[in-house]
Amino acid sequence: MVRTLEITIVAGIAGMLLGTLIAVMRLSKNPILSALAATYVTAFRSIPLVMVLLWFYLLVPNLIKKVIGNPNLDIRLLSAFIAFSLFEASYYAEIIRAGIQSISRGQVSASLALGMTVGETMWLIILPQAFRRMVPLLLTQAIILFQDSSLVYVMGLVNFFGVAYNTGIRDGTLVELIFFAGAVYLIICFAASTLVGKLQKKTT
Amino acid sequence: MFWQPAIGDGGNYLSYLIWGLVWTLLLSLASWVLAFVVGSIVGMMRTVPGSMLPKLGAFYVEIFRNIPLLVQLFIWYFVLPELVPIVGPWFKQSFSPALQQFISAALCLGFFTASRVSEQVRSGINSLGSSQFKAGLALGFNITQVYTIVLLPVAYRIIIPTLTSEFLNLVKNTAVASTIGFIDLTQRSKNMGEYTSHLYESFIAVTILYALVNLIVMLISRNLERATRLPGYLGEKK
């Protein structure tokens, strides 16, 4: 369970940071940057998460080993972090882009009239407002990330569901343990999404 | 390399991957039919007046949305054949393992996506406003007729874009079925990488295939939107 939460939190935060960067890139006037960002988002959104995980599990360690030259097993956790962060970043980028675009143009015009640069406008004016609006959606995406973290099973990484499954096979109580794992996920996600709903009501 | 013969299959690696695509699409379509039917029913259930049916619908949606897809898949494939009394052993004995996996995966993905489709249907119906519903009742329709004649045609047209993205999510989620042994496109890319030790090329090819499926579904959906557009109601005229 700790591993699952680790993955959720690390990938969530990294994904949000990277996603913000990509969203800003996508909205910039520079056509190269925006095309790059659009390609990134489209690419990561059209292939399954399982494939992204497999990419990083099988391919990237080879690249890293050539760079570092030290084959160690810990690379699986690192590549899971990287894979999830990159994958979630594309989804977060879409959410953040929608949030940024929902702020009225008047704000941008006013801040530019006050003499701020574009960067200052983004950082001080637009992003705080956009994030406040986007918090429920971002948290919902984090809940989805929490559920998808169960997929590291395909990489052989230990996570909550993998432990439950392996214990079930070992002890012969597979049915009960799978139901138990499902119930735990159900309770956690249901509680989290109820909290997000309450948060949404409070901020609207 | 793609045109080299594959091990134990007859035909080359390209056809191996294309067959994977075919199986993935078959699974997606089978699940989509189930998801669309069940999702529409549950979505409608959540919008009827009264309190019993909406709560039932909400219960269904919460269960299927909050349990991860992988856990649901394992439940359908490993757990249910053990628990269900008569159908279970019959299921395990009379179908080949591949068909078992296909059916379990189709059922699991169908019900999982149905919960998301029902949310879309519910929001589509709610976006029409209660005035349409009341006008229908005032005209003398009973509730079934109000839904089929007044609400659903417009609601479905409204949610075509979101249903498209749900379908694309479904196609991507079929990759999860590879964990129970169903040899879909993702699994085949791994296998092909192992057979030929050309891992990069096989992954790139499969990525291209997935992107192609995305593109084609988007085009179909855009044409569908255009073909079913109601005059003066939604979308831009071009």
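**Entry 1: a definition before I start**

I call a residue buried if 20 or more other C-beta atoms lie within 10 Å of its own. Between that and the exposed limit of 12 or fewer, a residue is partly exposed.

**Entry 2: B:Phe133**

I went to B:Phe133 and found it in helix α6 of chain B, which covers residues 130-138. Is B:Phe133 buried or exposed? I looked up 20 C-beta neighbours inside 10 Å, so B:Phe133 counts as buried. That meets the cut-off of 20 or more.

Next I asked which residues B:Phe133 is in contact with, leaving aside its neighbours within four places in sequence. I noted B:Val146 and B:Leu151. I also looked up B:Thr186, which is 53 residues from B:Phe133 in sequence. In space the pair is 45 Å apart, C-alpha to C-alpha.

**Entry 3: A:Phe44**

I then moved over to chain A, where A:Phe44 lies in helix α2 (residues 31-46). How does A:Phe44 count, by its C-beta neighbours inside 10 Å? There are 18 of them, so A:Phe44 counts as partly exposed.

A:Phe44 and A:Ser90 are 46 residues apart along the chain, yet 6.4 Å separates their C-alpha atoms.

**Entry 4: each chain as a whole**

I stepped back to see what the chains are built from. Chain A has eight helices and zero strands. Chain B has ten helices and, again, zero strands. Reading chain B along its sequence, I get α-α-α-α-α-α-α-α-α-α.

I looked up burial as well. In chain A, 35% of the 204 residues count as buried. In chain B, 37% of the 238 residues do.

Then I checked how contacts span the sequence, using those with a separation of 6 or more. Residues 24 or more positions apart make up 72% of such contacts in chain A. For chain B I also wrote down 72%.

**Entry 5: α5 and α8 of chain B**

I picked helix α5 of chain B (residues 97-127) and followed it to helix α8 (residues 160-173). Their axes come within 10 Å and cross at roughly 160 degrees. How do α5(B) and α8(B) run, roughly parallel or roughly antiparallel? Angles over 145 degrees count as roughly antiparallel, and α5(B) and α8(B) are therefore roughly antiparallel to each other. I noted that their crossing is right-handed.

I listed who makes this contact. From α5(B) come B:Leu109, B:Thr113, B:Arg116, B:Val117 and B:Gln120. From α8(B) come B:Thr162, B:Leu163, B:Glu166, B:Leu170 and B:Asn173. By class I have four nonpolar, four polar and two charged residues in the contact of α5(B) with α8(B).

**Entry 6: α5 and α7 of chain B**

I stayed with α5(B) and turned to helix α7 of chain B, residues 143-158. The axes of α5(B) and α7(B) are 8 Å apart, and the helices pack at an angle of about 115 degrees. This crossing is right-handed too.

On the α5(B) side, the contact is made by B:Val121, B:Gly124, B:Ile125 and B:Ser127. On the α7(B) side, I found B:Leu151, B:Ala155 and B:Ile158. The contact of α5(B) with α7(B) has five nonpolar, two polar and no charged residues.

**Entry 7: where the chains touch**

How many residues of chain A are in contact with chain B? I noted 27, which touch 29 residues of chain B. On the chain A side, α3 (49-68), α7 (160-171) and α8 (174-203) each supply at least two residues. Helix α8(A) gives the most, with eleven residues. By class, this side of chain A has 22 nonpolar, five polar and no charged residues.

Last, I looked up the confidence values. For the complex, the predictor gives an ipTM of 0.73 and a pTM of 0.79. Chain B has a mean pLDDT of 79, with 87% of its residues at 70 or more.

Where in chain B is confidence lowest? I found it in helix α4 (residues 87-94), at a mean of 67. Confidence in chain B is highest in helix α1 (residues 13-45), at 86. A reminder to myself: where pLDDT is low, the predicted coordinates should not be read in detail.

Technical notes
Residues numbered from 1 in each chain as written. Chains lettered and ligands numbered in written order. Predicted model: local features only at pLDDT ≥ 70, side-chain atom pairs only at ≥ 80, totals over all residues. pLDDT = per-residue confidence, 0-100. Helix = DSSP H or I, 4+ residues; strand = E, 2+ residues; numbered from the N terminus. Contact = placed C-beta atoms within 7 Å. Nonpolar A, V, L, I, M, F, W, Y, C, P; charged D, E, K, R; others polar. Axes fitted to C-alpha atoms, helices over the stretch in contact; angles between N-to-C directions. Parallel < 35°, antiparallel > 145°, perpendicular 65-115°, else oblique. Left-handed = near helix turned anticlockwise from the far one by under 90°.
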